[in-house]
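Dear colleague,

Please find below the structure that I am handing over to you, together with its sequence. My notes on what was found in it follow.

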Amino acid sequence: VQLQASGGGLVQAGGSLRLSCAPSGRIFSINVMGWYRQAPGKQRELVATITSGGTTNYVDSVKGRFTISRGNAKNTVDLQMNGLKPEDTAVYYCRIIMSGIDYWGKGTLVTVSS
């Protein structure tokens, strides 16, 4: 199974971006889907997750600005990012847990200019 993330790019502060992640290959039971990010010189951190039942969780710094959702195909996960700030600059990674197995995408760069 491979995860393909897309939607990163350069945006000015206050702008918006939408990230999408789609797994390819044999899809089993998806438990949790999520987005993580790693800024230069910092550890990777959780941004948002969504369970198979639709329960969402966000890091405090993005609450009210970011929204995680599952795509129409239910196997994809999107992250709508509004009100972006320079401190949101990072490589964003999608993660999917299927049947207890962890899968990570390669990451997509989000750069927010001030």
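A strand here is a DSSP run of E of at least two residues, and a helix is a run of H or I of at least four, with numbering from the N terminus. Counted in this way, the protein chain has zero helices and 11 strands. Its pattern along the sequence is accordingly written β-β-β-β-β-β-β-β-β-β-β. Please note that this is a predicted model.

Confidence and overall dimensions

The mean pLDDT of the protein chain is 93, and 97% of the residues score at least 70. Among the elements, the lowest mean pLDDT, 89, belongs to strand 1, and the highest, 98, to strand 6 (residues 56-58).

The C-alpha trace spans about 40 × 25 × 25 Å along its principal axes. The radius of gyration is 13 Å, which agrees with the value near 13 Å that a compact globule of 114 residues would have. Of these 114 residues, 39% count as buried. The accessible surface of the chain comes to about 6000 Å², and carbon and sulfur atoms contribute 48% of that area. Among contacts with a separation of 6 or more, 53% are between residues 24 or more positions apart.

Four strands form an open sheet, in the order 1-3-8-7, with antiparallel pairing. Strand 1 (2-6) and strand 7 (66-70) each have a single partner strand and stand at the edges, so one side of each is left without a neighbour in the sheet. From one strand to the next, the twist averages 15°. Strand 7 runs antiparallel to strand 8 (residues 77-81), and five bridges join the two. Within this pairing, threonine 67 has glutamine 80 in strand 8 as its bridge partner.

Which way does strand 2 (residues 9-12) run relative to strand 11, parallel or antiparallel? The two strands run parallel and are joined by four bridges.

Strand 9 (residues 90-98), in turn, runs antiparallel to strand 11, with three bridges between them.

Two loop residues

Serine 99 lies in the loop between strand 9 and strand 10 (101-104). Most residues other than glycine have a negative phi. The phi of serine 99, however, is positive, near 50°. Serine 99 has a relative accessible area of 45% and is therefore partly exposed, as this class lies between the buried limit of 20% and the exposed limit of 50%.

Arginine 26 is located in the loop between strand 3 (17-24) and strand 4 (30-38). Is arginine 26 buried or exposed? Its relative accessibility is 64%, so arginine 26 counts as exposed. Leaving aside residues up to four places away in sequence, arginine 26 touches Val1 and Met98.

With kind regards

Note on methods: Residues are numbered from 1 along each chain as its sequence is written. This is a predicted model: local features need pLDDT of at least 70, side-chain atom pairs count only at pLDDT 80 or more; totals for chains, interfaces and linings use all residues. Side-chain values use heavy atoms; hydrogens and water are left out. Two strands pair if DSSP finds at least two bridges between them. Axes are lines fitted to C-alpha atoms, for helices over the stretch in contact, and angles run from 0 to 180 degrees between N-to-C directions. The radius of gyration is taken over C-alpha atoms; the globule rule is 2.2 Å times the number of residues to the power 0.38. Buried means under 20% relative accessible area, exposed over 50%, partly exposed in between (1.4 Å probe, protein chains only). Contact means heavy atoms within 4.5 Å. Accessible areas come from the Shrake-Rupley method with a 1.4 Å probe; for residues, only the protein chains shown count as cover. pLDDT is the predictor's confidence in each residue, from 0 to 100.
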